[in-house]
Amino acid sequence: MIKRRIACLQIDIQFGDVTANLQEVAKQFNHLDADVDTVVLPEFWPMGYSLDRLAEVVEYDMLTPIKTLAKQYNVDIIAGSVPTKRDGKFYNSLPVITREGEVVFWYDKVHLFRLMDEENFLAEGKECGVFTLSGVTSAAVICYDIRFPEWIKTQMLEDVDLLYVVAEWPKQRLDHWRALLIARAIENQVYVVACNRVGSDPNNTFAGHSMVIDPWGQVISEADDQTGILTATIDLAEVKQIRRQIPVYEDRRPDLYRLK
Ligand SMILES: O=C(O)CCC(=O)C(=O)O
């Protein structure tokens with residue numbers, strides 16, 4: 001039995017205000033249950049979708065305070081996503097931070113969301129989001145990525161037990177959010193832990209409804225549309241048990257799948 005207690009910080013994000021957003025994250029850490037192992041933040045928590053401020057925001061040292069929180073609270077952190085800059089290009093990047101305060105993995109969002117103008121400001125990631133954290137083979141993707149089952153499957157084929165999703169998913173497509181996350185859990189027989197934001201920016205109102213879904217597709221915990229912490233305990237032994245019961249990985253027919 002490998003149990004993990006996970007907490008999603010479902011926060012409101014102040015548009016372009018890194019200081020206020022860091023304060024909000026730190027405030028929420030004060031309310032964590034003492035037995036939490038892993039904390040998950042939403043997409044672009046330092047700034048929201050104020051994409052015209054990317055150049056300014058990347059200069060800000062957003063991760064030192066998050067690393068300090070990891071050590072102080074003795075938790076691993078899937079640190080939502082933050083803007084990064086490499087070779088003159090900006091990325092929507094997800095850092096994985098251990099309880100020792102080390103950044104051990106980065107994932108860059110692969111599918112850019114045109115409805116929110118991402119392709120005008122950001123470059124696409126090209127690498128898989130698979131990593132090991134406190135002994136659990138995990139993967140992480142960002143928001144729009146969940147609409148691409150081929151991309152999620154590519155990662156799940158690396159023996160992943162736990163899929164993290166960080167998002168700023170708008171309220172008007174809440175039904176898609178729920179259906180896509182549940183489908184990804186069922187078809188891949190993995191735990192899905194999805195952290196969304198709440199509140200509004202000048203263009204959108206966001207759905208909240210962070211969710212923890214088991215590998216059978218049952219929603220074991222779901223938030224409403226208010227700020228708060230969604231906490232759930234997962235038992236990773238369930239993954240193997242469900243894959244034995246319905247062996248979809250063994251029954252795949254990739255020789256027939258024409259995905260290009
Ligand atoms: O796919 C959607 O409906 C929402 C995606 C999104 O908001 C994002 O990727 O930031």
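**Briefing: sheet, ligand shell and overall form**

In strand S11, Ile213 is the bridge partner of Val192. That pair belongs to a predicted model of a protein with 260 residues. The secondary structure of the protein comes to 8 helices and 13 strands. The points below cover the sheet, the ligand, the annotated domain and the overall dimensions.

**The open sheet**

- An open sheet is formed by 6 strands in the order S7-S8-S9-S10-S11-S12, and its pairing is mixed.
- Strand S7 (130–133) and strand S12 (219–222) stand at the edges of the sheet; each has a single partner strand, so one side of each is left without a neighbour there.
- From one strand to the next, the twist averages 20°.
- Strands of a sheet pair through backbone hydrogen bonds, in either a parallel or an antiparallel sense.

**Strand pairs within the sheet**

- Strand S10, residues 191–195, pairs with strand S11, residues 211–213, in the antiparallel sense over 3 bridges.
- Strand S7 is joined by 4 bridges to strand S8 (residues 136–142), and the two run antiparallel.
- S7 and S8 form a hairpin, with 2 residues between the strands.
- Ser134 lies in the turn of this hairpin and has a positive phi of about 45°.

**The ligand shell**

- The residues around the ligand are Phe113, Met116, Cys143, Tyr144, Arg147, Glu168, Trp169, Pro170, Arg173 and His176.
- By class, the shell around the ligand divides into 6 nonpolar, 1 polar and 3 charged residues.
- Among the charged residues of the shell are Arg147 and Glu168.
- His176 is the polar residue of the shell.

**The annotated domain**

- An unreviewed UniProt entry carries the annotation "domain: CN hydrolase" for residues 4–236.
- Within residues 4–236, 23% of the span is helix and 30% is strand.
- The end C-alpha atoms of residues 4–236 lie 8 Å apart.

**Overall dimensions**

- The C-alpha trace of the protein spans about 50 × 45 × 35 Å along its principal axes.
- A compact globule with 260 residues would have a radius of gyration near 18 Å, and the 17 Å of the protein agrees with this.
- Of the 260 residues, 41% count as buried.

Conventions. Residues are numbered from 1 along each chain as its sequence is written. This is a predicted model: local features need pLDDT of at least 70, side-chain atom pairs count only at pLDDT 80 or more; totals for chains, interfaces and linings use all residues. A residue is near a molecule or strand if its C-beta atom, placed from the backbone, lies within 6 Å of it. UniProt positions are given in the numbering used here, feature names are shortened, and annotations may be inferred rather than shown by experiment. Two strands pair if DSSP finds at least two bridges between them. Axes are lines fitted to C-alpha atoms, for helices over the stretch in contact, and angles run from 0 to 180 degrees between N-to-C directions. The radius of gyration is taken over C-alpha atoms; the globule rule is 2.2 Å times the number of residues to the power 0.38. A residue is buried if 20 or more other C-beta atoms lie within 10 Å of its own, exposed if 12 or fewer, and partly exposed in between; C-beta atoms are placed from the backbone.
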